[in-house]
Amino acid sequence: MPATAAQAPQQDLQQAVTAKVNVAKSSKAKTAGIQVNVTRGAGTDSVFGTTVSLAPKGQDSHPEGWLFAARLVDGKWQVGLEGERAFSELAAASPVVSAKEKQLFGQSFAPQAAGGDFRTGMRLPFATGASWSMPGGPHGWAGTDTPYSSVDLAGGNGQVLAARGGTAYTMCGNGKGWIRVIHDRGYSTDYYHMFNNIAANGLAVSEGTFLGNIGTDVSCGGSASGNHVHFALRQNSAYVGIAGHNVGGWVFQNAASAYNGTALHGSTLRSPGQQLYNYGALGFTQGIIDSFGGTTVNKRTGPGTNYALAGSVADGTTVNISCSKNGTSHTGRWGTTSLWNRLSDGTWVSDAFMWTGLATPVNGTCP
């Protein structure tokens with residue numbers, strides 16, 4: 001059992017975490033105070049929890065939040081915030097952090113963007129096969145800030161579901177509004193403005209697990225107009241641009257200004273206020289046909305237009321990719337490439353007319 005920390009008043013921990021947050025938080029972000037929520041190990045020398053830089057209520061801004069781990073050494077608190085090397089090291093040595101979490105938190109401590117791989121393996125955060133409105137296209141977690149990591153979603157039965165399996169945490173101290181799910185491959189997702197949300201403190205969730213209902217909760221600050229979920233994408237402990245990523249079959253695109261970006265499924269374009277059908281998570285060796293404005297794409301018997309036609313495939317179709325090989329060069333929505341993908345039926349389609357999330361083979365090179 002961890003030793004007691006009676007010699008270190010709780011206020012000392014509050015001050016130590018607050019000092020870390022004041023350094024880590026966005027320099028431009030307004031704050032209405034720092035909230036420190038000890039969820040494990042209270043009163044001992046090893047603690048774990050969440051901390052939030054509260055946003056002023058009623059303003060178009062959002063709170064910033066971190067998981068944290070702390071240890072009392074020689075009467076002083078050592079504190080690590082999610083995304084710091086110290087967090088991984090303190091969590092790894094903590095008796096109140098599970099073995100699974102230690103592995104999860106050791107994924108990376110250096111914030112980074114997709115690095116050329118935009119596959120997420122995520123669905124949209126509502127029921128597969130349902131359609132919800134996108135009242136707000138890509139925008140910042142705090143509104144007009146960058147990167148444009150977030151979209152607003154509303155409609156259907158109002159039930160917000162985990163976009164992918166992972167480990168869930170309630171960020172706000174009163175247990176309301178804001179859930180973070182940490183996934184594999186360094187990704188995590190945030191869900192804000194909910195009500196009736198689950199209580200999560202390292203809770204294992206599966207894709208589609210109920211997280212809460214869309215709402216207008218601003219327990220940690222900010223503003224919300226009309227029931228919705230503010231859904232954001234993070235990678236390696238930092239918000240990353242959602243543009244270019246595929247979530248639920250849709251590839252998001254930025255506009256010149258916040259909230260005005262769009263979503264693409266093949267050549268089908270959806271703008272703010274329109275409906276997004278949840279196609280479910282795209283597999284890591286799958287692609288979505290994008291005819292670049294047409295209705296179908298030709299299939300060939302080999303990797304090039306010098307091979308015979310072998311039928312066609314409709315725009316927006318999800319296809320399974322067996323392997324890839326270079327052939328004739330073509331230009332599509334995502335650029336110019338000589339890469340061709342062999343489908344599971346043995347036919348070939350140019351990678352120029354398919355979204356896969358990579359510019360390189362997603363399932364190896366064909367012999």
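**View 1. A disulfide joins Cys172 to Cys220, with an S to S distance of 2.2 Å.** A disulfide is taken here as a pair of cysteine sulfur atoms within 2.5 Å. Cys172 lies in the loop between strand S8 (166-170) and strand S9 (177-182), and Cys220 in the loop between strand S12 (210-213) and strand S13 (229-235), so the pair ties together parts that are 48 residues apart in sequence. Helices (H or I, at least four residues) and strands (E, at least two) are DSSP runs, numbered from the N terminus. Both Cys172 and Cys220 are buried, where buried means under 20% relative accessible area, exposed over 50% and partly exposed in between, computed with a 1.4 Å probe on protein chains only. The model is predicted, and for that reason local features need pLDDT of at least 70 and side-chain atom pairs count only at pLDDT 80 or more, while totals for chains, interfaces and linings use all residues. Residues are numbered from 1 along each chain as its sequence is written, and side-chain values use heavy atoms, with hydrogens and water left out.

**View 2. Cys323 and Cys366 form a disulfide in which the sulfur atoms are 1.9 Å apart.** This pair links distant parts of the chain, with Cys323 in strand S23 (residues 318-332) and Cys366 in the segment after strand S26 (354-355), 43 residues apart. The torsion about the S-S bond of Cys323 and Cys366 is about 100°, so this disulfide is right-handed. Cys323 counts as buried at 5% relative accessibility, and Cys366 is buried with a relative accessible area of 6%. The structure holds 2 disulfides, and when the bonded cysteines of the chain are numbered in sequence order, the pairing is 1-2, 3-4.

**View 3. An open sheet is formed by 4 strands in the order S1-S2-S3-S4, with antiparallel pairing.** Its edge strands are strand S1 (34-40) and strand S4 (76-81), each of which pairs on one side only; two strands pair if DSSP finds at least two bridges between them. Neighbouring strands of this sheet are turned by 30° against each other on average, direction ignored.

**View 4. Strand S2 (residues 46-53) and strand S3 (residues 64-73) pair in the antiparallel sense over 8 bridges.** Within this pairing, Ser53 stands opposite Glu64 in S3. Helix H2 (residues 85-93) packs on the sheet and touches S2, S3 and S4, its direction making about 55° with that of S3. Contact means heavy atoms within 4.5 Å, and axes are lines fitted to C-alpha atoms, for helices over the stretch in contact, with angles running from 0 to 180 degrees between N-to-C directions.
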